[in-house]
Amino acid sequence: LLRLHDNIKWRIPYVVQQIYFLLLEAMFGPVHVLVYIWFIWRGPSGSQRAFAHHWDIQKIVSLSAFARFACLMQSHTLQDAMMHTCINYGLGGLYLAFFFLISHNFDGAVKTGIDSHKGCFVKNQTETSCNVGGWLLCQNNGGLNYQIEHHLFPRVHHSFYPYLAPVCKKFCDEQGIKYVHYPWIWNNVASTYTHLQKMGAKPKTE
């Protein structure tokens, strides 16, 4: 539904994807929850069978989505409860998907030519991601705004990201690796808008 790199075949709706992408992101929450519940209750298959002993626990956890709906049933009508549930998951999913999208889809982001097997891990992770904001935003959203450090040090607590970032940038500058950090969210969004606009424009070869 979004054309984020050149390998996706161009279609006419992509021309305005920079306008409708937020609507799609709002659907991330409800769709993700429903697909997760279906996936868990379907049961493990193939290589997933090695984790089958966790499935019963995950089934119980998946019911929390319905527990939240049951709490909202205190609304005056069933329609209100359903509306509040959709708003709840819609806003939550929008917030999460928003930072996912702007962190990996900005003007100048490396989208093709990545070799995950033989390529440089640091270069691959850094040039396909970007950071935005600072310490305060990091505390608010669990470090997702420091996407580069989030990729490079996935097991390090996010509270350390603001202190790791300058070290990572210095190293990348010395190694000739592109390191992008936007000072404000709107700078990142403007760059993402440009990227979506470029990817949505009809290629000259088609």
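**Cores and fold**

Reply: The largest nonpolar core has 11 residues: Phe98, Phe99, Ile102, Phe106, Ala109, Cys130, Val132, Leu137, Leu144, Val180 and Tyr182. A nonpolar core here is a set of buried Ala, Val, Leu, Ile, Met, Phe, Trp, Tyr and Cys residues joined through side-chain atoms within 4.5 Å. Buried means under 20% relative accessible area, exposed over 50%, partly exposed in between (1.4 Å probe, protein chains only). The model is predicted: local features need pLDDT of at least 70, side-chain atom pairs count only at pLDDT 80 or more, and totals for chains, interfaces and linings use all residues. Residues are numbered from 1 along each chain as its sequence is written, and side-chain values use heavy atoms, without hydrogens and water.

Me: Is Leu91 buried or exposed?

Reply: Leu91 sits in helix α5, residues 78-104. Its relative accessibility is 55%, so Leu91 counts as exposed.

Me: How far apart in space are Leu91 and Glu25, C-alpha to C-alpha?

Reply: In sequence, 66 residues separate Leu91 and Glu25. In space, C-alpha to C-alpha, the distance is 9.1 Å.

Me: How many helices and strands does the protein have?

Reply: Along the sequence the pattern reads α-α-α-α-α-α-β-α-α-α-β-α. The secondary structure comes to 10 helices and two strands.

How values were computed
Helices (H or I, at least four residues) and strands (E, at least two) are DSSP runs, numbered from the N terminus.
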